[in-house]
Amino acid sequence: MRAIAAWFFIFCYLVPSVFAQLRHGFYEGTCPPAESIVGRVVFNHWDRNRTVTAALLRMQFHDCVVKGCDASLLIDPTTERPSEKSVGRNAGVRGFEIIDEAKKELELVCPKTVSCADIVTIATRDSIALAGGPKFKVRTGRRDGLRSNPSDVKLLGPTVSVATSIKAFKSIGFNVSTMVALIGGGHTVGVAHCSLFQDRIKDPKMDSKLRAKLKKSCRGPNDPSVFMDQNTPFRVDNEIYRQMIQQRAILRIDDNLIRDGSTRSIVSDFAYNNKLFKESFAEAMQKMGEIGVLTGDSGEIRTNCRAFNN
């Protein structure tokens, strides 16, 4: 598994969000059990493997930041047609079997009704709550995209500056506080591979005990991984911000957040107020889930999330 740390890969070339036709309870008339079916599938997987939350968080982020939340990441590549899934850091995204299982059950109950894009959104929300994170509502009514092109995938790395992050998030209406909530919230679960934080291991400002521990962990073959949150790696909470303050942030972008004057106080607020963090993270997830969505007659409702309809 490539690093769930890809949450920090701040994006370029975002399209505007479309809100008008998304609404709460979109499937109440056409498929009343839709959200409960997705929730049950997610719980069954999470109950066996607590890394499900990290996997789904990464999946939704990687889908939404490339041309919007349209399930384009779910398309399998073929010899004739590559897709977003096969490109670089996307190659390590996992959890697709969860979406497949939910889709299969929904097609039996409500054929050609619930989009794969909505399944990803609902599944991610439910996995966050299972991991102790905020419980929040999401609007539904997304349609699935008709394009999955590797050339659309433009992702920045873990050493991105705070100024660059602010500029990217501002382009889709995120304020600085919501940006900090999204970056930190994504890093509170999951792992980072050693290749992604070599610069931090060499940083004398990092906590010396953690630096020694990371050096030892990264001596293994095949690019080992470590938990980004050293204390509560399976819970969505504010612990990652405490570690930023303690100079125990593993990723450069996280360390940048506590050192930059425009974000330092926000990190501190989240570190000492878990309720504030959860409220801000919920807001960030709701906003991210509505980036560039297709609604109405746009796109399609796939019968198989891995392939466009014939």
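Modeller: With bonded cysteines counted along the chain, the disulfides of this protein follow the pattern 1-4, 2-3, 5-8, 6-7. The model is predicted: local features need pLDDT of at least 70, side-chain atom pairs count only at pLDDT 80 or more, and totals for chains, interfaces and linings use all residues. Residues are numbered from 1 along each chain as its sequence is written, and side-chain values use heavy atoms, with hydrogens and water left out.

Colleague: What is a disulfide, and how many does the structure hold?

Modeller: A disulfide is a covalent bond between the sulfur atoms of two cysteines. Here it is assigned to a pair of cysteine sulfur atoms within 2.5 Å. The structure holds four disulfides.

Colleague: Which cysteine is joined to cysteine 116, and where do the two lie?

Modeller: Cysteine 116 is joined to cysteine 305, with an S to S distance of 2.1 Å. This pair links distant parts of the chain, 189 residues apart: cysteine 116 is in helix H4 (residues 116–130), and cysteine 305 is in the segment after helix H12 (274–288). Helices (H or I, at least four residues) and strands (E, at least two) are DSSP runs, numbered from the N terminus.

Colleague: Why is the disulfide of cysteine 64 and cysteine 69 called right-handed?

Modeller: The torsion about its S-S bond is about 120°, so the disulfide of cysteine 64 and cysteine 69 is right-handed. Their sulfur atoms are 2.0 Å apart. For cysteine 116 and cysteine 305 the torsion is about -95°, so that disulfide is left-handed.

Colleague: What is the handedness of the disulfide between cysteine 194 and cysteine 218?

Modeller: The torsion about the S-S bond of cysteine 194 and cysteine 218 is about -85°, so this disulfide is left-handed. The pair links distant parts of the chain, 24 residues apart: cysteine 194 is in the loop between strand S1 (191–193) and helix H7 (198–201), while cysteine 218 is in the loop between H8 and S2.
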